[in-house]
Amino acid sequence: MKMALFFPELFLLLSCLVIFLLTLGRMSSSTVRNITAALSVIAFFICGGSLRLEGDLFFNAYRIDLFSQFFKLLITGGVAVLLLFSRELKGIEENVRTEYYLFLLLSALGLVMLVSSVELLSIFVALELSSYALYLLVPMRDDHGGLREQMEAGIKYILFGVVATGVMLFGMSYLFGLTGTTYLSELVPAMNQLIASPAAIVGIALVMGGFFFKLGLFPFHFWLPDVYQGASNETTAFIASVPKLGAVALLIRVATLAAPSAATLVNLLMILAVASMFYGNLIALVQKDIKRMLAFSGIAHAGYVILGIITLKDTGFATAMYYITGYMLMNLACFLVICNVSAKGENLAISDLTGLYKRAPLLAFTLAVGMFALAGIPPFVGFMGKFMLLAGALREGYLTLVILAAINTAISIYYYLSVVRISYCTDPEERPAVAVAPLTQIISIGLVLIIIIMGVMPAAVVDIATAAVRGIM
Amino acid sequence: MHDFLIMNTLGYPILSLLVFLPLAGVIPLLILKNDEAAKYWTLVITLVIAVVSLPLYFKFDRTTALYQFGEHHAWIPMWDINYTLGIDGISLLLILLTTLLMPLCVLCSWRYITTRVRPFLACLLIMETSMLGVFMSLDFVLFYILWEAMLIPMYLLIAIWGGPRKVYASIKFFLYTLAGSVLLLVAIIALYMKNGTFSIPMMMGQDYSSVFQIYVFLAFFLAFAIKVPMFPFHTWLPAAHVEAPTAGSVVLASVLLKMGTYGFLRFCLPITPEASITFMPFILWLSIAGIIYGGFTALAQQDMKKLIAYSSVGHMGFVTLGIFVFNAQGIEGAILQMINHGVTTGALFILVGMIYERTHSRELALAAGVGKFMPVYVIFLGFFSLSSLAFPGTNSFIGEFLVLAGAFTKTKIIAACAIPGAVLAAAYMLRMLQKVVWGGTDNPDQSYLSDLNIREIITLAPLLLFVLWIGLNPGPFMDVMHTSVNHLIQQVGIADADPQGMVEVANLVIPQ
């Protein structure tokens with residue numbers, strides 16, 4: 001019955017093979033899209049069904065537990081939502097659309113494997129599987145502007161990505177050198193003995209660096225704005241939401257190496273969090289392109305998530321999981337609007353949302369909810385997440401950090417609000433109405449509802465997250 | 001287990017009903033396609049809410065300072081966050097004021113709002129839910145969520161249905177109030193760390209260190225002073241008022257501003273009594289500054305709405321003055337003055353809105369001499385203006401008198417400094433009244449103006465009733481608050497007796 005444990009991954013792998021076969025034929029891209037979307041929805045339900053499974057595979061390098069299954073559910077769910085609302089791939093070149101779906105699913109498969117990996121080398125392999133698929137997605141955008149900015153973005157992404165991976169590998173070599181093992185389960189007790197030594201801290205910090213890159217935390221953030229801008233809207237929607245889940249999952253796993261206390265590491269993370277928040281929020285204030293704005297907001301949110309990691313406690317980790325779940329939903333809501341408003345897959349300036357309330361009332365509402373939620377205004381999920389992060393950090397005594405984070409909330413509200421203002425308080429002038437497919441309407445209503453429900457009743461998700469985290473500590 | 005709460009015995013959860021009825025009222029608005037039907041529906045639901053709230057007054061136990069009609073449900077067990085509702089003598093009248101005003105807000109928007117009517121009504125109803133919730137909640141997280149969530153509908157009210165500078169005004173409003181309350185959240189969490197609970201009553205009367213109290217008080221103060229708004233945090237108010245639609249102005253002036261002063265009463269005084277006493281002199285002087293400043297700026301306004309907005313700064317100065325003299329007269333006067341300001345200023349904003357609907361201008365010069373053609377209108381305007389300047393026989397007289405009496409018992413200098421504010425109020429209100437009723441020899445042609453119709457009279461009549469009722473017989477309104485106010489003074493008094501040296505400092509700044 002061991003195969004049952006591996007069933008979600010197997011299903012995704014088979015899906016990839018199916019789509020690979022489709023790339024050989026001449027099927028229309030909309031059919032491929034429908035097939036991919038259907039496969040991803042099935043994968044989501046399979047993950048839901050295997051939520052409570054538990055077990056070890058592949059010489060204990062691969063662990064199935066609530067923690068990994070929770071993230072798998074979110075990852076496949078995010079991909080399914082993304083595929084359902086990005087109707088036709090407007091920004092992707094006609095002749096590579098089928099391949100696009102292949103790499104998208106491969107990247108999701110990599111992430112799904114990543115969250116289950118509990119051995120350094122399998123972590124590395126899974127991470128690279130997901131990353132390389134992503135590197136390919138970025139330059140697949142059509143060259144409508146003639147500036148080849150998607151190539152620039154692709155090169156930036158892969159160069160920074162490879163460097164970050166190198167940093168991570170270097171850190172892994174430290175961990176292996178210190179302990180002689182690559183299994184996290186054996187590393188945890190060994191590292192607890194060694195945590196005071198500088199080499200151990202350097203090792204952990206460097207390994208974390210690889211995931212900081214995925215999360216877009218300062219100073220590993222340089223790729224974010226350019227990649228967000230250069231990649232097509234759908235690709236950005238994926239990069240902005242789903243891989244960050246994997247990054248947080250692995251940051252939590254690595255942080256358990258340092259638990260229960262590691263003052264130096266915590267100080268380091270604190271500095272990065274504060275720098276990230278201020279850098280992201282201050283630069284987002286002056287952005288004109290909405291994807292760039294969301295990129296900088298993403299950098300700031302990476303800083304907030306770190307607030308949960310530095311507590312090095314199960315409640316803090318659970319809050320970080322809750323927050324990143326909410327963040328994915330809020331981001332998906334915003335990108336749903338962006339993908340649908342963009343007529344030919346071009347980038348949107350914030351001013352292109354002018355009069356959106358008349359052109360597409362539902363999209364304007366979804367965008368407003370997404371923005372207010374990102375800003376951390378109740379009753380949305382962003383507030384509850386931020387509240388619990390601040391409360392958790394203050395419980396550990398990081399008062400200054402909490403005050404700085406609170407101030408950042410006040411800074412960030414301006415740029416989120418100006419998006420709402422543009423879409424609600426201006427007349428559309430000559431801009432055309434936006435047609436929204438019924439399925440997209442359902443998804444956007446669903447996202448709004450989940451964002452509100454998770455914000456008002458966080459207990460269910462937090463409980464699962466807490467149970468999941470307790471399982472790995 | 002909850003010794004601060006008397007559980008609800010009415011047989012139905014009246015407070016939850018009040019909070020969620022408006023929210024439930026939004027759902028038909030999503031389905032209805034007809035704007036007229038939507039207006040009637042909203043009017044009916046707000047009236048129903050007003051009726052549902054009446055038992056609060058009649059069944060209210062005036063002999064206890066505990067929180068009544070209590071409801072308590074676990075909400076987020078992990079953080080010990082509960083859904084706790086309850087009201088006492090301080091919040092009772094504010095809740096009734098809110099439920100009274102909402103139908104009038106719908107009525108006064110009947111013709112004023114012509115575009116996107118249904119979203120407008122939905123915003124009003126969501127506002128009502130969060131406003132009532134703020135006054136009822138006894139859990140700090142619940143309070144904060146509603147306190148912040150209110151910004152969204154209020155922002156939309158100004159930003160979508162506002163005047164020409166709505167974008168500037170709405171963003172200023174949002175940023176100002178949000179920036180004020182982010183540190184409130186930190187203070188709330190800090191209090192949670194000390195007590196292990198988010199229950200507001202359980203945070204009161206604890207033995208916090210002086211330094212802790214001062215930090216918490218400052219965070220509270222920033223949030224509430226911006227909301228009141230106290231001088232010098234008032235600059236968002238005239239902008240927001242001038243641009244907001246009539247109903248928005250009414251809600252803003254009558255209810256939202258009260259949340260600041262309610263915050264002082266509910267949180268600052270009982271939770272951080274020692275710090276309240278430490279900062280008392282500064283707040284008293286800021287109140288005086290607000291009274292004088294509001295008066296002088298109102299005197300100089302040409303725009304009627306701005307005039308009333310600045311007069312609000314002055315009136316709210318009286319309220320904070322009354323709160324921080326820490327005696328029964330002062331605080332009761334302040335609470336009554338909160339209600340009075342809600343009634344009177346709300347009515348004045350409705351009156352300005354009526355002129356605006358007719359002339360499409362709020363310029364005092366353009367509204368000169370309408371008395372000849374709108375006799376009923378100026379009768380109402382006359383009464384409410386007199387009420388605003390605290391003329392004997394009207395509601396504000398009682399409130400202001402009590403506040404001043406309280407201030408005189410506390411310290412004569414402060415009270416003496418507040419007197420010019422009362423004179424200024426007479427000056428700017430009478431100036432407006434004179435101009436609008438009679439004008440001069442060069443009045444613009446007003447002959448096209450029609451007088452108030454039945455709907456408009458119905459909108460104003462209940463407010464006029466309360467102006468005279470409170471003015472002539474304040475007893476029924478005062479006796480609900482006695483016990484709670486005395487309890488509050490005891491809570492502060494515990495710290496007052498504390499020989500911490502803080503009181504001496506206070507006495508240095510204010511000579512007795």
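The buried residues of helix H10 of chain B are Trp236(B), Leu237(B), Pro238(B), Ala239(B), Ala240(B), His241(B), Val242(B) and Glu243(B). Here a residue is termed buried if 20 or more other C-beta atoms lie within 10 Å of its own, exposed if 12 or fewer do, and partly exposed in between, with C-beta atoms placed from the backbone. The model is a predicted one, in which local features need pLDDT of at least 70 and side-chain atom pairs count only at pLDDT 80 or more, whereas totals for chains, interfaces and linings use all residues. Residues are numbered from 1 along each chain as its sequence is written, and chains are lettered from A and ligands numbered from 1 in the order in which they are written.

H10(B) spans residues 236–243 and is mostly covered, with eight of its eight residues buried. Helices (H or I, at least four residues) and strands (E, at least two) are DSSP runs, numbered from the N terminus. The elements that cover the buried residues of H10(B) include helices H6 (151–161), H7 (166–195), H11 (246–271) and H13 (304–323) of chain B; contact requires that the C-beta atoms of two residues, placed from the backbone, lie within 7 Å. In the loop between helix H9 (210–227) and H10 of chain B lies Pro232(B), which is joined to Phe231(B) by a cis peptide bond with omega of about 0°.

Chain B also contains an open sheet of three strands in the order E1-E2-E3, with mixed pairing. Its edge strands are E1 (5–7) and E3, each of which pairs on one side only; strands count as paired if DSSP finds at least two bridges between them. On average, neighbouring strands of the sheet are turned by 50° against each other, direction ignored. Helix H1 (residues 14–31) of chain B packs on this sheet and touches E2 and E3, its direction making about 65° with that of E2(B). Axes are lines fitted to C-alpha atoms, for helices over the stretch in contact, and angles run from 0 to 180 degrees between N-to-C directions.

Strands E2 (residues 67–76) and E3 of chain B run antiparallel and are joined by six bridges. Within this pair, Ile76(B) stands opposite Ile81(B), and Ala74(B) stands opposite Asn82(B). The two strands form a hairpin with four residues between them, and Asp80(B) in the turn has a positive phi of about 55°. Strand E3 (residues 81–87) of chain B has six of its seven residues buried and is therefore largely enclosed by the rest of the structure.

In chain A, helices H4 (residues 66–85) and H5 (residues 97–116) pack at an angle of about 165°, with their axes 8 Å apart. H4(A) is therefore roughly antiparallel to H5(A), a description applied to angles over 145 degrees, while those under 35 count as roughly parallel, 65 to 115 as roughly perpendicular and the rest as oblique. The crossing of these two helices is right-handed; this term applies if the near helix is turned clockwise from the far one by less than a right angle, and left-handed if anticlockwise. Residues meeting in this contact include Phe71(A) and Ile75(A) of H4(A), and Leu111(A) and Val115(A) of H5(A). The contact residues divide into seven nonpolar, three polar and one charged, where Ala, Val, Leu, Ile, Met, Phe, Trp, Tyr, Cys and Pro count as nonpolar, Asp, Glu, Lys and Arg as charged, and the others, Gly among them, as polar.

The axes of helices H17 and H19 (residues 438–456) of chain A come within 7 Å and cross at roughly 35°, in a left-handed sense. Val381(A), Phe383(A) and Met384(A) of H17(A) meet Ile451(A), Met454(A) and Gly455(A) of H19(A).

Between the chains, 25 residues of chain A are in contact with 27 residues of chain B. On the side of chain A, helices H17 (381–395), H18 (399–425) and H20 (459–472) each supply at least two residues, and H18(A) gives the most, with twelve. That side comprises 22 nonpolar, one polar and two charged residues.

Most residues other than glycine have a negative phi. Phe58(A), however, has a positive phi near 50°, and Leu312(A) has one near 55°. Phe58(A) is partly exposed, with 13 other C-beta atoms within 10 Å, whereas Leu312(A) is buried, with 20.
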